[in-house]
Amino acid sequence: MVTLLRRSLCPVRRLRGRPRPAVDAPLRTASHAGPGLLYPDHIPTSLLQKTLLAAGSAAMALYNPYRHDMVAVLGETTGHRTLKALRDQMRRDPEGAQILQERPRIALSTLDLGKLQSLPEDTFGRQYLRFLDVNRVSPDTRAPTRFVDDEELAYVIQRYREVHDMLHTLLGMPTNILGEIVVKWFEAVQTGLPMCILGALFGPIRLSAQSLQVLVSELIPWAVQSGRRAPCLLNVYYERRWEQPLWALREELGITPPPTDLRGLD
């Protein structure tokens, strides 16, 4: 299966020499994308190639949940219908429609880190920056979309990836396996993306007995309830909410604090 995945990904190796657009550039059709390409980094694939990519990336992602590149490929090759539904939700919402129109990107080059650092401690922006620092993560690690054969849907899944750390901040979840599984349950309810459902169902296999008990008895019910109660979080223009108190944003979105402290759990 790994061999099939590598063969299907051979266009990636051939395109490595191609100049890439700036990370903060809107994901739109561009003249430099190349003939037959819908957007920069696009790799057209057949149904067979997508099937092989989906199977191989699913196996690799289950074996190692921290292979974010495989998780990304799985999301792109299995989520076409769901992405269309999410895109339609964004079109119907004023804030979501504005996001689709303006195509904001979340990257170190687009974030004003000095401004975020200067915000009061209880604001969403300051807590997001604290999340990045404490967990030693960067928004620049999100893989570019490659295998979605629709330019607008490619942006939708790119936006989903780039706001992932915002969801961690809103939910108060760390980036360990337990925290990622809880976020995946929330995202599965919110988006219906197959990769989120797969991660939510099979991720707990790696948990200890203690963490699994807490997950099943407390965290999953909370994440599911929060996901159902909250509006579509792709419709939140997070870049314009930095100065909003975190508690106020959570209240607006119907997200309550987590029911238990995850410190000491894996």
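Author: Happy to! Of the 266 residues in the protein, 51% are buried, where buried means under 20% relative accessible area, exposed means over 50% and partly exposed lies in between, with a 1.4 Å probe and protein chains only. What you see is a predicted model, in which local features need pLDDT of at least 70 and side-chain atom pairs count only at pLDDT 80 or more, while totals for chains, interfaces and linings use all residues. Residues are numbered from 1 along each chain as its sequence is written, and side-chain values use heavy atoms, with hydrogens and water left out.

The protein has 14 helices and zero strands; helices (H or I, at least four residues) and strands (E, at least two) are DSSP runs, numbered from the N terminus. Among contacts (heavy atoms within 4.5 Å) between residues at least 6 apart in sequence, 73% join residues at least 24 apart.

Now to your pocket. Rolling a probe the size of a water molecule over the atoms shows where empty space is left. On a 1 Å grid over the protein atoms alone, a pocket is an open set of points with protein on both sides within 12 Å along at least five of seven lines, whereas a cavity is a set of points where a 1.4 Å probe fits but cannot get out; lining residues have an atom within 4 Å of a point. Grid points are joined across faces, edges and corners, and a volume is the space filled by probe spheres set on the points.

The second largest pocket holds about 320 Å³ of space. Its lining is made up of Q127, R130, F131, V134, N135, H168, T169, G172, M173, P174, L246 and R250. Two or more of these residues come from each of α8 (124-135), α10 (164-171) and α14 (246-253), and α8 gives the most, with five residues. By type, the lining has five nonpolar, five polar and two charged residues.

The buried residues of α8 are F124, G125, R126, Q127, Y128, L129, F131 and L132. They are covered by elements including α7 (113-118), α10 and α14.

After α8 comes R136, which has a positive phi. R136 belongs to the loop between α8 and α9 (151-162), and its phi is near 55 degrees. Most residues other than glycine have a negative phi. R136 counts as exposed because its relative accessible area is 78%. R103 also has a positive phi, near 55 degrees, and is found in the loop between α6 (94-102) and α7. With 5% relative accessibility, though, R103 counts as buried.

W247, found in α14, is 123 residues from F124 in sequence, yet their C-alpha atoms are 8.2 Å apart. W247 counts as exposed because its relative accessibility is 53%. F124 is also in contact with Y238, whose other contacts, leaving aside neighbours within four places in sequence, are R159, V163, M166, L167, L170 and L233.

L233 brings us to the last stop, the largest cavity, where L233 is one of the lining residues, along with Y160, V163, L167, F186, E187, Q190, T191 and L234. This cavity contains about 70 Å³ of space, and the count of cavities of 30 Å³ or more comes to one. Helix α11 (residues 177-191) gives the most to the cavity lining, with four residues. The lining has six nonpolar, two polar and one charged residue.

Conventions. Nonpolar A, V, L, I, M, F, W, Y, C, P; charged D, E, K, R; others polar.
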